[in-house]
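Hi,

Here is the structure I promised to pass on.

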Amino acid sequence: MAPETSIGSQCRQAERTAGGTTVVELYGEIDILAAHSLTVRLDGLTASPHPDVVVDLRAVSFIDAAGLTPLCRARNRITRRHGRLRLVADSDRVLRVMSGAGLGDVFEIHDRLPEALAVAAQEGPLLVAS
């Protein structure tokens, strides 16, 4: 696993690549203090054509509306670039916040990382009709 970096007073992240998929593992609290740094990092990961990103939220102890904003922005950027974003979340607390914000059906959510990574393996490379 890649070394962790701080993205807020109570939030850390680690990144690695699995096949052609970038996995971003988040730890701690994703709130207004972490939102800007997370947005900057996700913007970098979603800048290329056909980005393939998994954001692992299983170690997130808290997320609020400000913490959801970078995830929504990443989803929109990836959609415009014909890429793929999956979230991994198994915490009722995180899923409840997403559902309460009306985002439960907006994201592709898996409860285990291997399942999220298997999507890319099963579907193969992203192709866009020209």
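This is a predicted model: local features need pLDDT of at least 70, side-chain atom pairs count only at pLDDT 80 or more; totals for chains, interfaces and linings use all residues.

Although H82 is not a glycine, its phi is positive, at about 60°. H82 has a relative accessible area of 47%, and buried would require under 20% while exposed would require over 50%, so H82 counts as partly exposed.

H50 sits in the loop between helix 1 and strand 4. Phi of H50 is also a positive value, near 60°, and this residue is not a glycine either. With 33% relative accessibility, H50 is partly exposed.

**The cores**

Now to the inside. The largest nonpolar core contains 25 residues, and L26, I30, L42, V55, L57, L71 and L87 have the most contacts within it. Two or more residues each come from strand 3, helix 1 (32–45), strand 4 (52–63), helix 2 (65–80), strand 5 (84–88) and helix 3 (92–100). Strand 4 gives the largest share, 5 residues.

L57 shows how this looks from one side chain: beyond its neighbours within four places in sequence, L57 contacts L26, I30, L71, L87, V88, A89 and V94. There is also a second, separate core of 5 residues, with V23, V54, L113 and A116 among them.

**One more residue**

T22 belongs to strand 3 (residues 21–30). Its relative accessibility is 18%, so T22 counts as buried. Not counting residues up to four places away in sequence, T22 touches E15, R16, L45, D52, V53 and V54.

Best wishes

How values were computed. Residues are numbered from 1 along each chain as its sequence is written. Side-chain values use heavy atoms; hydrogens and water are left out. Helices (H or I, at least four residues) and strands (E, at least two) are DSSP runs, numbered from the N terminus. Buried means under 20% relative accessible area, exposed over 50%, partly exposed in between (1.4 Å probe, protein chains only). Contact means heavy atoms within 4.5 Å. A nonpolar core is a set of buried Ala, Val, Leu, Ile, Met, Phe, Trp, Tyr and Cys residues joined through side-chain atoms within 4.5 Å.
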